[in-house]
Amino acid sequence: MRVLGIETSCDETGIAIYDSYAGLIANQVHTQSEVHEAYGGVVPELAARHHLQQTLPLIQAALQESKLTVKDINAVAYTAGPGLVSALLIGACIGRSLAFSLNIPSIAINHMEGHLLSPMLEKNPPDFPFIALLVSGGHTQLISVTAMGCYELLGESLDDAAGEAFDKIAKLLGLGYPGGRELSKISQHGVPGRFIFPRPMTNRPGLDFSFSGLKTFAAQTIYNNANTQQVRADIACAFEDAVIDTLLIKCRRALDRSGFKRLVVAGGVSANCLLRNKLADMMTGRNGEVFYARPEFCTDNGAMIAYAGAIRLKGITHDSLDIKVYPRWPLS
Ligand code: KG4
Ligand code: ZN
């Protein structure tokens with residue numbers, strides 16, 4: 001079975017083809033960060049317009065990459081939520097229409113399930129059960145995963161997502177959008193310990209997160225101190241350290257509570273090198289294992305949607321003709 005995956009939930013148009021025998025055979029991504037950079041965040045109307053322009057050419061490019069024609073596709077998977085409604089509608093309309101015209105099944109995929117399953121595309125995929133840390137621009141969640149589709153939310157951010165906090169502080173430091181990667185880059189030149197930032201909600205039990213207080217603390221520090229390149233790097237270093245330490249403490253708690261030995265980390269922030277290294281050290285110390293996707297599959301992409309579609313499509317044939325998207329769609 002060959003599944004075409006379509007991702008248009010935010011500001012990346014991702015198209016991929018996953019073959020149940022050969023694995024991933026095409027992967028095309030068009031990022032719109034340049035479009036939104038001037039505004040310091042994603043403008044939904046512009047995002048939708050660019051998805052509309054990019055989706056069909058990228059489908060053609062994916063078919064060319066895999067040396068297939070559209071008739072060789074057996075099913076279409078598209079992101080139906082969570083995300084920006086106008087952006088989701090582009091992928092959903094194109095995906096469903098294409099499937100209808102080809103008389104093949106189509107399936108609505110939850111974007112966060114796509115992220116959660118993205119490490120399955122790698123050579124050493126995780127077995128169940130595991131704890132998943134989903135850290136993206138819109139979500140910070142800890143999830144207990146006992147089988148495909150069996151997800152229990154253990155904790156989540158009560159306000160800003162980790163990626164969102166990275167982006168906002170990066171903006172205050174004068175870096176581009178999205179700023180997570182840029183902030184992480186300059187933080188390597190920072191002096192550790194020059195500033196110490198709080199680790200929110202770690203001194204009380206529970207698995208929820210809150211990053212808005214840390215964000216205000218960092219913003220205040222920037223306002224009072226950031227007058228040289230070095231100080232900006234020192235602040236970036238303190239901020240990155242605080243976010244990553246907080247994520248680490250909560251992962252440890254979730255693993256202790258569940259007794260699971262495997263940790264999966266996915267979503268845009270899972271591309272962060274410091275996070276990857278610190279979690280790898282922690283899991284080695286616990287005789288456990290941590291699993292990530294390769295960096296280009298940490299941020300939004302069509303490969304994870306095509307893969308989730310290949311798993312979920314088993315048993316599905318044809319459904320009704322209506323087109324629905326779910327801007328808020330809990331994973332559980
Ligand atoms: O998963 P994703 O591509 O989109 C959403 O579903 O939200 O995640 C994007 C987020 C952005 O906030 C971006 O700044 C962050 O992931 N990000 C990073 C890094 N690379 C991307 N944050 C920290 N360090 C990175 N290396
Ligand atoms: Zn995402």
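Which residue forms a salt bridge with Glu-122? The partner is Arg-294, and the closest N and O atoms are 2.9 Å apart. Keep in mind that this is a predicted model.

Let's stay with that pair for a moment. Arg-294 sits in the loop between strand S10 (289–291) and H10, while Glu-122 sits in the loop between H4 and strand S6 (130–135), so the bridge ties together parts that are 172 residues apart in sequence. Arg-294 counts as partly exposed, at 31% relative accessibility. Glu-122 is partly exposed too, with a relative accessible area of 21%.

A search of the whole structure finds 14. One of them joins Arg-2 to Asp-19, with 3.2 Å between the closest N and O atoms. Arg-2 is in strand S1 (residues 2–7) and Asp-19 is in strand S2 (residues 12–19), so this pair links parts 17 residues apart in sequence. Asp-19 is buried, with a relative accessible area of 9%. Arg-2 is partly exposed at 26% relative accessibility.

Another bridge stays inside one helix. Glu-45 and Arg-49 meet at 3.6 Å, N to O. They are 4 residues apart in helix H2 (residues 44–65), so about one helical turn separates them. An α-helix has 3.6 residues a turn, so residues three or four places apart point the same way.

His-111 is in helix H4 (residues 111–117), and Asp-300 is in the loop between helix H10 (295–298) and helix H11 (303–312). That pair is 189 residues apart. Both His-111 and Asp-300 are buried.

Next, helix H9, residues 273–285. H9 has 13 residues and reaches 18 Å from its first C-alpha to its last, close to the 18 Å expected. Which of its residues are buried? Leu-275, Arg-276, Leu-279, Met-282 and Met-283. These five cover an arc of only 135° around the axis, which puts them on the same side of H9. On the other side, Asp-281, Thr-284 and Gly-285 are exposed.

Last stop, the surface. Val-85, Leu-89 and Ile-323 form a nonpolar patch there, with about 200 Å² of accessible area together. Leu-89 belongs to helix H3 (residues 85–102). At 33% relative accessibility, Leu-89 counts as partly exposed.

Notes. Residues are numbered from 1 along each chain as its sequence is written. Chains are lettered from A and ligands numbered from 1 in the order in which they are written. This is a predicted model: local features need pLDDT of at least 70, side-chain atom pairs count only at pLDDT 80 or more; totals for chains, interfaces and linings use all residues. Side-chain values use heavy atoms; hydrogens and water are left out. Helices (H or I, at least four residues) and strands (E, at least two) are DSSP runs, numbered from the N terminus. Buried means under 20% relative accessible area, exposed over 50%, partly exposed in between (1.4 Å probe, protein chains only). Patches are made of residues with over 30% relative accessible area and no salt bridge: like charges are joined within 9 Å, nonpolar side chains (Val, Leu, Ile, Met, Phe, Trp, Tyr) within 5 Å. Accessible areas come from the Shrake-Rupley method with a 1.4 Å probe; for residues, only the protein chains shown count as cover. A salt bridge is a side-chain nitrogen of Lys or Arg within 4 Å of a carboxyl oxygen of Asp or Glu. The expected span of a helix is 1.5 Å times one less than its number of residues. The arc is that of the directions from the helix axis to the C-beta atoms.
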